[in-house]
Amino acid sequence: LLPIGFMLISELLNDNIIDRKDLERLTKIPILGLIGKNYSGFSLLSKQSPKSSVYEGFRALRSNLNFLNPNQDKKVYLVTSSVSGEGKTYIAENLAIVFAKSGKKTLVIGADLRRPRIYADFGFENLKGISNHVLSDLPLFETILKSDIENLDVLISGPLPSNPSDALLTDTFVSMMEELKKIYDVIVLDTPPLGLVADALTLMRFSDINLYVVRQNYTKK
């Protein structure tokens with residue numbers, strides 16, 4: 001009885017998401033995909049085996065998004081989560097990679113102007129990006145970087161602005177998003193955590209489908 005009692009108490013006190021059933025019990029939002037743990041040591045799929053289970057997980061996610069969007073008229077996917085560390089940037093950049101691998105002209109945007117990370121994962125310096133274009137009138141074409149993955153471009157945050165929220169509300173940012181929609185087949189937005197700041201809510205005006213990332217044994221119920 002003692003081990004059983006201990007396990008029951010542990011289960012009652014555990015307020016983390018453990019499995020898919022927890023999500024189905026807590027929300028009616030559909031689950032689009034499950035990504036397994038990445039043991040490869042690489043953040044980007046381009047450096048992993050195409051036959052790996054993680055790669056297959058992202059392919060399944062891409063297929064489910066295509067099923068939601070059969071006419072391919074919705075092209076902007078926004079990725080957010082509750083707090084830092086849940087894997088939203090990891091999901092955003094690798095979702096962009098699998099779309100690019102399928103032949104889509106793809107852009108991944110590091111729209112987290114507070115704690116950017118995408119530039120480092122792709123091997124760039126955070127010198128020119130969104131903040132330069134929006135706040136310093138640097139031409140848009142000078143801020144877009146070519147990755148070493150075919151069909152994939154990267155737009156990083158650039159130097160951190162003093163007021164990130166205001167930068168996302170400018171007319172220049174709105175015009176930038178409209179222009180990018182004309183150029184690319186797929187745009188993936190990596191945003192700050194929704195549970196900490198309101199930037200993701202601001203950016204949802206530009207997105208067609210919003211993805212909310214939950215991490216097993218990390219995200220709180």
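Contact is taken as heavy atoms within 4.5 Å. Helices (H or I, at least four residues) and strands (E, at least two) are DSSP runs, numbered from the N terminus. The model is predicted: local features need pLDDT of at least 70, side-chain atom pairs count only at pLDDT 80 or more, and totals for chains, interfaces and linings use all residues. Residues are numbered from 1 along each chain as its sequence is written, and side-chain values use heavy atoms, with hydrogens and water left out.

Helix 3 was examined for its cover. Strand 1, helix 4 and strand 6 are among the elements that cover its buried residues. Buried denotes under 20% relative accessible area, exposed over 50%, and partly exposed in between (1.4 Å probe, protein chains only). The buried residues of helix 3 are V54, Y55, G57, F58, L61, R62 and L65. Viewed down the helix axis, they fall within an arc of 160°, so they line one face of helix 3. The arc is that of the directions from the helix axis to the C-beta atoms. S53 and F67, on the other side of helix 3, are exposed.

Helix 1 is hardly covered, with a count of 0 buried residues.

Strands pair if DSSP finds at least two bridges between them.

Strand 2 (residues 106–110) pairs with strand 4 in the parallel sense over 4 bridges. There L107 stands opposite D153 of strand 4. Strand 1 and strand 6 also run parallel, joined by 5 bridges. T80 has Y212 of strand 6 as its bridge partner. In a regular strand the side chains alternate between the two faces of the sheet. Strand 6 has I209, L211 and V213 on its covered face, and N210 and Y212 on its uncovered face.

A nonpolar core is a set of buried Ala, Val, Leu, Ile, Met, Phe, Trp, Tyr and Cys residues joined through side-chain atoms within 4.5 Å. The largest has 31 residues, of which F58, L65, V108, F122 and L152 touch the most other members. Helix 3, strand 1, helix 4, strand 4, strand 5 and strand 6 each supply at least two residues of this core. Helix 4 gives the most, 9 residues. Apart from this core lies another, of 22 residues, including V76, M177, Y184 and F206.

L152 touches A96, I97, A100, T106, V108, F122, K146 and S147, not counting residues up to four places away in sequence.

Two asparagines have positive phi. For N151, in the loop between strand 3 and strand 4, phi is near 75°. N151 is partly exposed, at 33% relative accessibility. N217 lies in the segment after strand 6 and has a phi of about 60°. N217 is also partly exposed, with a relative accessible area of 47%.
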